[in-house]
Amino acid sequence: MINILQNYSLKKLNTFGIEALTKHFVEINSEKDFLELLENPIYKSSEKFILGGGSNILFTKNFDGLVIKNAIKGINIVKEDGNSIYVKAAAGEVWQDLVNWCIGKNFGGIENLSLIPGCVGASPMQNIGAYGVEIKDVFEELEAYDLQSGKKQTFDNSSCKFGYRESVFKHAGKNKFLIVSVTFKLFKHPKFNVSYGAITEELGKMGVKELNIKHISQAVINIRSSKLPDPQKIGNAGSFFKNPEVEKGVYEKLKSQNPQIVAYALQNGNYKLAAGWLIEQSGLKGHSQGEAGVHYKQALVLVNKGNASGNEIYSLSEYVLQTVFAKFGVKLEREVNIM
Ligand code: FAD
Ligand code: EPU
């Protein structure tokens with residue numbers, strides 16, 4: 001049974017802690033709820049926005065439409081073959097609950113993605129990634145309803161068009177689908193991914209002798225907790241910008257002018273630059289404008305230091321973009337979804 005609320009505050013539903021009102025709000029707890037919603041006149045006449053955990057959104061204004069909060073729960077094993085186990089999770093499951101569930105069963109593949117906030121349904125949106133793993137590495141398929149036709153369809157790995165913090169759902173499929181489940185192809189006999197130097201270092205500090213996925217998860221949690229601000233304490237949405245990709249020639253020129261520049265070679269011959277380094281070297285680490293700030297420990301993260309408005313955070317992001325461009329000639333791109 002659905003209950004559509006009016007003029008609803010989204011402040012507690014976004015990790016930036018920004019005040020914004022939506023004209024209509026509804027939480028759905030099952031696919032049946034969604035099918036009921038489809039028949040509602042408010043649904044039919046409103047612009048729609050799907051909300052998960054609100055950890056990758058900046059609200060800059062009130063929303064004159066219907067926010068649908070996806071709270072559909074459930075985690076099940078759906079198939080098994082060879083060394084693979086297929087786990088289907090409903091979109092409203094909290095991502096970390098799924099990670100813990102998999103670790104409890106010793107199913108490997110997503111332990112490096114520990115402690116990423118948000119819900120399962122949003123994980124394919126920007127192909128979440130951290131510490132050497134991206135969702136596309138373990139993604140089997142997802143099910144989504146077309147918001148207009150109400151028809152359910154399945155997307156496999158290639159139809160999601162995954163890239164670095166990218167998918168079809170940020171482009172041609174933007175605001176067009178309600179993802180209801182995601183199926184992951186995991187390892188019954190986990191392979192450990194410790195390619196990211198910091199993990200090996202942390203495992204050493206933890207004194208781990210016989211490695212398992214729980215240790216990797218704990219190492220990732222330790223590293224993340226030491227660097228990233230906790231949204232429960234200070235509003236933020238993780239990295240506000242993407243790490244920019246530049247051509248080899250551009251990188252070499254920058255490197256000759258800035259020998260300390262932090263960059264990684266990519267397989268296509270280009271280089272990925274650490275945006276946090278560019279922002280810090282532009283003198284902006286810890287910089288504030290009103291209650292909007294660049295985090296003092298991780299310059300890639302913008303924070304709400306109190307009661308910043310979405311527009312204050314957005315203006316600060318514009319200032320960061322312009323300052324980095326003026327200093328390095330590199331154009332940063334926002335990672336966070338702006339509403
Ligand atoms: P929301 O913010 O609610 O939504 C994000 C987008 O997805 C919106 O466009 C929304 O419309 C859409 N969406 C959400 N659910 C659905 C659905 N069911 N169907 C259709 N569309 C949907 N991200 C990383 O990749 N790596 C990191 O290491 C990382 N670290 C973070 C650290 C912190 C402290 C924070 C605050 C954020 C971090 N993030 C990271 C960003 C964020 O956690 C992820 O992008 C996460 O997947 C967002 O999930 P969410 O449920 O909160 O999505
Ligand atoms: N750096 C600085 N100054 C800073 C911040 C970073 O010089 O203020 C340098 C660091 O010293 C390091 C490099 O930049 O050499 C990279 O920093 P870090 O390892 O913290 O990772 P990141 O590039 O800032 C990315 C992701 C994170 C992800 C981590 C770990 C993006 C946009 N961000 O951050 O994802 O958790 O790597 O894999 O790709 C997110 O998307 O919200 C997010 C947090």
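Modeller: In this predicted model, 14 residues of domain 1 are in contact with 15 residues of domain 2, contact meaning heavy atoms within 4.5 Å. Local features need pLDDT of at least 70, side-chain atom pairs count only at pLDDT 80 or more, and totals for chains, interfaces and linings use all residues. Residues are numbered from 1 along each chain as its sequence is written, and side-chain values use heavy atoms, with hydrogens and water left out.

Domain 1 covers 5-70 and domain 2 covers 75-187; the bounds come from an automatic or database domain assignment. Their centres, taken over C-alpha atoms, are 21 Å apart.

Together the two domains bury about 1200 Å², 62% of it on carbon and sulfur atoms. Buried area is the accessible area (1.4 Å probe) lost when two parts are put together, summed over both. E31, F34 and N70 supply 40% of the area that domain 1 buries against domain 2, more than any other three residues.

E31 also forms a salt bridge with K152, with the closest N and O atoms 2.8 Å apart. The count between the two domains is 1 salt bridge (a side-chain nitrogen of Lys or Arg within 4 Å of a carboxyl oxygen of Asp or Glu).

Now the elements on the domain 1 side. α1 (31-38) and β3 (48-51) each give two or more residues to the side that touches domain 2. α1 gives the most, with 4 residues. Helices (H or I, at least four residues) and strands (E, at least two) are DSSP runs, numbered from the N terminus.

Key:
Chains are lettered from A and ligands numbered from 1 in the order in which they are written.
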